[in-house]
Amino acid sequence: MISCKLQMSKNPKKVNHEGIRNLLKLAKKSEYYRDFIFEFSKKSRKPIITSGNNHLFDIKNLAVDTKKLIYYFFDGGGVNYLNIFPFTKKEWEKRNEYIADCYKLVGISNKDSAWISLPYGPWIDGHMSQDAVRLIGCNFLPATLSNNQIMMQRIWQEAQQMDVNLIISSPSILRFIEKSINGLELSSKINKAILSKDLVSKRYKKYFKNKYNIDVFNVYQVDNIFIGIECKYHNGFHYDPDRVLIEIVNERSHLEMVKYGNMLITSLISEAIPVIRYKINNKAKINFNLCRCGSNWPRLNIKETNIDKKYEISGGVNFSSSQISNALSVLKPKFKECLLEIIENKEGKCLMNFYIKFKNSDIEKIKNEKKFIEKIKNSLENMSLNFKDAIFEGYAEIVIYFRVSNSKKSKKINLIKIKDKRILNQK
Amino acid sequence: MNRDSSRKEIIRKLKSLPFMGEANLSSKINELLFKNEKDLRVYFTSGTTKRPKAIYSSSGDIERTEDYIKWFCEVEGIAGGETVAVMMDHSLWAVGPLTCLAHIKAGNLVIPIDLRNKNAIKEILDSVNPTVISTLPSKLEEFHKIIPKKKLKAIETTGEPMSQKQRERLKKIFNNVNIFDAYGMTEGVIGVECKYHNGYHYDENKAYLEIKSFRSNKILEENIYGEIILTNLLSMAQPIIRYQTGDVGKIKRERCLCGLNTPRIFLKGRMAKTHYILDGVRIKKESVKDILKNVLKTLPKYKIKIQSNKGLMTIEINLSEISETKRRLLIKKISEINFDILNLTKTGQLKVSIMVKA
């Protein structure tokens, strides 16, 4: 048994003790946390970090009776598993109230009219944003993106008639919208964009500000855990410490919150599957100084790192090199290296060229194996639910090239290098 | 004035109002409404033109409609404790989100699914083992092999008419699970079948129906077929008053075997000859005829054939003779006949072909 104490004594702000106690009570009912004993002590200074977050989002880890649930959403996952996000009514309402509060923080009011172009269906994003803007009282158009420009233009016509001035989307979907409609029209109508799913670079924000006069506000969420939002000063993600608890750690101990380290996220509004000390590899620190925007919520400053770097394809879908490595590990001969080139055409569709290098001696084996390319393609397409859907809907296409390991290196730049994880593990 | 006479007075006033056609839904008045009101959302409904009709709803409208559909769940006997996979579109069109919200109100757990990839749908369905499937009859046919049947208690269908033959076929596929069909449109939710499948029960205080003569504006008596006229009493943001649905039906008021004494509406197709394609998307024979006349300048003998081949729907129009240019123009015009057809063709779900047969 491992004793795990939630450590927050270094957080100078008030801590939502009751929220933590309730969460820990719930966690005892979840299989995932069965091996941990949670104690809460504000005096404790000894940090114990929970091991990995693998497969937390699974039905078997429910902490409540299924009769209490109102939604199952899905996301990502891997080759052989799906991430399932169950919600109780209370949790759904609390979460969307939090999102509405975050939207209000960036000045969204019932005077705004929003086009919510996030994915709907089994994905949480569209449903959640829709409920949040409903709470604020905005007019809104729930219209996810379409994979053809004519349809996008038609949706845009409707958006114009509704005086839409706010787009709630993801970074890649906003780019897709930009390509699908006349940019000039975008500039004359839209003045705000709230982007979730991925982190947005300063360059990206500057581009939309300079070209279209659109203020881009980035939302920070990881694995569907909603964390916070940037204000107009773009100096970190504001988060409500009563709803989200963030600890900064390194491999061995807690760090001072103002120093960069890995994050442990505890969502105090999670219920169906309690999210406790969920480890996130992005490096971050916390800024407790009062922001110029006037909000007294602390800010999370994320350091851009290469750990689990995400790459994106059209359709608002992203993936990491480790996901590809996992997908390729179904191959019998281990590959030496896989280079991925993503080329986007004018319509915003992506061609994904995979250059897979094998040892000379393995080439014959590959030639003899039936349907080898199909097998690789199939495994890559099934990398995650989002990816599978993007390929099916035609946002991206996979092309496989084989190379022997001593072939000349490609001169092309911007290639994503993926190593066989089995070789890496051996090392 | 007592309640009955007050109601009679309201109905008398309602009947003095003019009928509302499809064109009224895309009038400028609605756009002005939208610009001046708050807390509105817009859903779309297929029209006969290239532009979809926009229907505006307030949160109050949505909540009242949720309550009404919750009653449907009660009539179907699936209110509470069910795991419901709602396999419909969840943005743009109202029926998916409304079905989800109503089931949640009825105490069920909901899984919204709008994917088209069979493997992905299978993966989700297998992981949750739904007890209820809510979808369109054409989707049931398309996905029947991947729907887990072990725990299935009921199937809800809507969006497309379901023939008796199709119902029997689906019942057989799904091991005699009860299939409840609901009748409605984006302009208003109307009614639902009970276990006796003898017409759609509806609540007159939520959806007020009248039956209009095909030839005149005369309102017909009970039990006589005519065009169904809908007044949506749940929608306040964008009033739908005496809306000509284009559907043919009759009203019966006698008590049903299930014990409910609400009126029932019996459907008998559409006023205009209509072909249903997929996901409730339809094409009017009259619209195709107009395009043919327009492009070919005369109206030759033709035949429309709708068929499904390995997941791809095709509209095949057989003509005796046509030039290549005109053939291409016809395909283009028919592919763009309305917003939904355009969407299906652009997403590769539908193909329009012109066959020349001597």
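A disulfide here is a pair of cysteine sulfur atoms within 2.5 Å. This is a predicted model, where local features need pLDDT of at least 70, side-chain atom pairs count only at pLDDT 80 or more, and totals for chains, interfaces and linings use all residues. Residues are numbered from 1 along each chain as its sequence is written, chains are lettered from A in the order in which they are written, and side-chain values use heavy atoms, leaving out hydrogens and water.

**Cysteines**
- A:Cys350 is buried, at 3% relative accessible area (buried is under 20%, exposed over 50%, partly exposed in between; 1.4 Å probe, protein chains only).
- The sulfur of A:Cys293 is 3.5 Å from that of A:Cys291, its closest cysteine sulfur, and this is too far for a bond.
- A:Cys293 is partly exposed, with 28% relative accessibility.

**Interface of chain B and chain A**
- Chain B brings 43 residues to the contact and chain A brings 45 residues (contact means heavy atoms within 4.5 Å).
- The two chains bury about 4,100 Å² between them, 62% of it on carbon and sulfur atoms (buried area is the accessible area, 1.4 Å probe, that two parts lose on being put together, summed over both).
- There is one salt bridge between chain B and chain A (a side-chain nitrogen of Lys or Arg within 4 Å of a carboxyl oxygen of Asp or Glu).
- B:Glu123 and A:Lys388 form a salt bridge through their side chains, at 2.2 Å, N to O.
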